[in-house]
Amino acid sequence: MLSIRKKKMKANQELLNHPFWEASDPARMRLVRVSKGFPPELNPFASDGVVIMAAGVPGEAPHSKSYVAWNGIRDGIEKGLIGPDTTVIEATSGNTGHGMATVCSALGLRFVPVMSGDVPHDKINVIRVFGRRIGLHLVFDHDETTVEYARRLGAQDGWYNPDQYAGSWNVNAHFRYLAPQLWEQQKKISILAAPAGTMGTCLGLAKYAHENKLGTTIVPVLCVEGEEVPGARSLTGVEKDVRHPWRKTFRNEDLQFGTRHEAFHLSFLTWSHVSQTLGPSFGLGLAGALRFLQKHKNAGTLEQFRDQKDGKIYVVVFGPDDYRPYTSLYLGELKRKELSAKIDPSDLIRLLD
């Protein structure tokens with residue numbers, strides 16, 4: 001038994017010594033880019049002194065969730081839960097799966113992404129391209145979520161489920177790598193809205209803002225029930241799958257919600273105004289930010305977010321991916337309901353009604 005354990009520990013150390021880690025260290029990469037403020041035609045609260053900015057990944061990072069996947073696989077190896085013969089399995093809508101496929105491919109590990117049947121083929125194909133050590137599982141059974149499926153298979157001998165919906169490494173990745181770069185670029189952030197899928201991003205950013213006494217309000221944005229937006233979840237989905245203690249940080253009244261059409265339409269509107277062509281999860285975050293601002297304007301409580309020095313309210317909307325994996329979905333949305341490239345600022349609020 002002792003010899004077997006020593007052999008396993010040695011093998012894990014070999015994985016930790018792999019040159020991949022230094023070459024792909026997130027601390028040495030630009031993970032986020034913050035845009036300048038939206039023009040008035042995209043900001044219905046400009047007259048209230050609100051400045052709205054987009055924060056997008058990737059910057060120079062290889063993929064939007066590369067730093068999260070990097071942290072998750074390394075965490076498993078450091079804890080002795082991943083060895084050379086381990087099969088890594090993770091439930092994903094594509095982004096974290098792509099990142100983990102990249103890491104596992106570099107390390108020679110077998111990776112099994114578990115995805116729902118409605119994930120766009122473009123995202124599935126990106127993961128398939130990694131080849132023979134990728135074993136894709138699609139889940140169509142609505143009685144068992146992809147997260148539950150991955151947890152069940154991950155409990156088998158020789159398998160490991162990092163579980164981005166429960167593992168503290170997810171929150172820590174955003175706290176350690178993303179948050180410092182975000183606030184370094186934009187030091188004044190009154191409100192930071194982000195789409196919520198695992199709650200990892202929102203919790204990591206909230207932890208950083210709290211520990212550094214930055215005074216930023218974090219707004220998690222979820223899908224309206226019955227509305228599917230890639231990379232995000234409804235409140236029911238979060239309550240069923242997410243095991244991060246998000247209730248200790250966010251109350252129901254802190255949450256905002258958006259629909260599928262809002263997510264696609266709002267992201268589409270920003271393409272000609274923002275330096276990055278951000279995807280639907282950014283549009284969902286923007287829908288939540290606009291609702292949050294309108295709620296406080298109606299209640300007469302916007303003043304609590306105003307910067308004391310210059311009188312501005314700085315709003316940053318974080319979007320974890322770009323539009324390219326979703327081109328077919330944008331085309332489908334265009335056929336279902338027209339996406340207009342021009343819109344009056346007041347129409348942005350009416351779009352959310």
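Select Cys202. Its relative accessibility is 0%, so Cys202 counts as buried (buried means under 20% relative accessible area, exposed over 50%, partly exposed in between, with a 1.4 Å probe and protein chains only). This is a predicted model, in which local features need pLDDT of at least 70, side-chain atom pairs count only at pLDDT 80 or more, and totals for chains, interfaces and linings use all residues. Residues are numbered from 1 along each chain as its sequence is written, and side-chain values use heavy atoms, with hydrogens and water left out.

A disulfide here is a pair of cysteine sulfur atoms within 2.5 Å. By that rule the model has zero disulfides. Cys202 is in none, and its nearest cysteine sulfur is that of Cys223.

Next, show the strands. Helices (H or I, at least four residues) and strands (E, at least two) are DSSP runs, numbered from the N terminus. Six strands form an open sheet in the order 1-2-10-7-8-9, with mixed pairing. Which strands stand at the edges? They are strand 1 (33-34) and strand 9 (256-258). Each has a single partner strand, so one side of each lacks a neighbour in the sheet.

Zoom in on strand 7 (residues 191-195) and strand 8 (residues 217-223). They pair in the parallel sense over five bridges; pairing requires that DSSP finds at least two bridges between two strands. Pick Ala193: opposite it, in strand 8, stands Val219.

Select 280-299 for helix 11. Helix 11 has 20 residues and reaches 29 Å from its first C-alpha to its last. That is close to the 28 Å expected at 1.5 Å a residue, the expected span being 1.5 Å times one less than the number of residues. Helix 11 lies across strand 2 (50-56), strand 7, strand 8, strand 9 and strand 10 (313-319). It runs at about 155 degrees to strand 10 (axes are lines fitted to C-alpha atoms, for helices over the stretch in contact, and angles run from 0 to 180 degrees between N-to-C directions). Of its 20 residues, 14 are buried, so helix 11 is largely enclosed by the rest of the structure.

Last stop: Thr145. It sits in the loop between strand 5 (137-139) and helix 6 (146-154). Thr145 is buried, at 16% relative accessibility. Neighbours within four places in sequence aside, Thr145 is in contact (heavy atoms within 4.5 Å) with Lys240 and Asp241.
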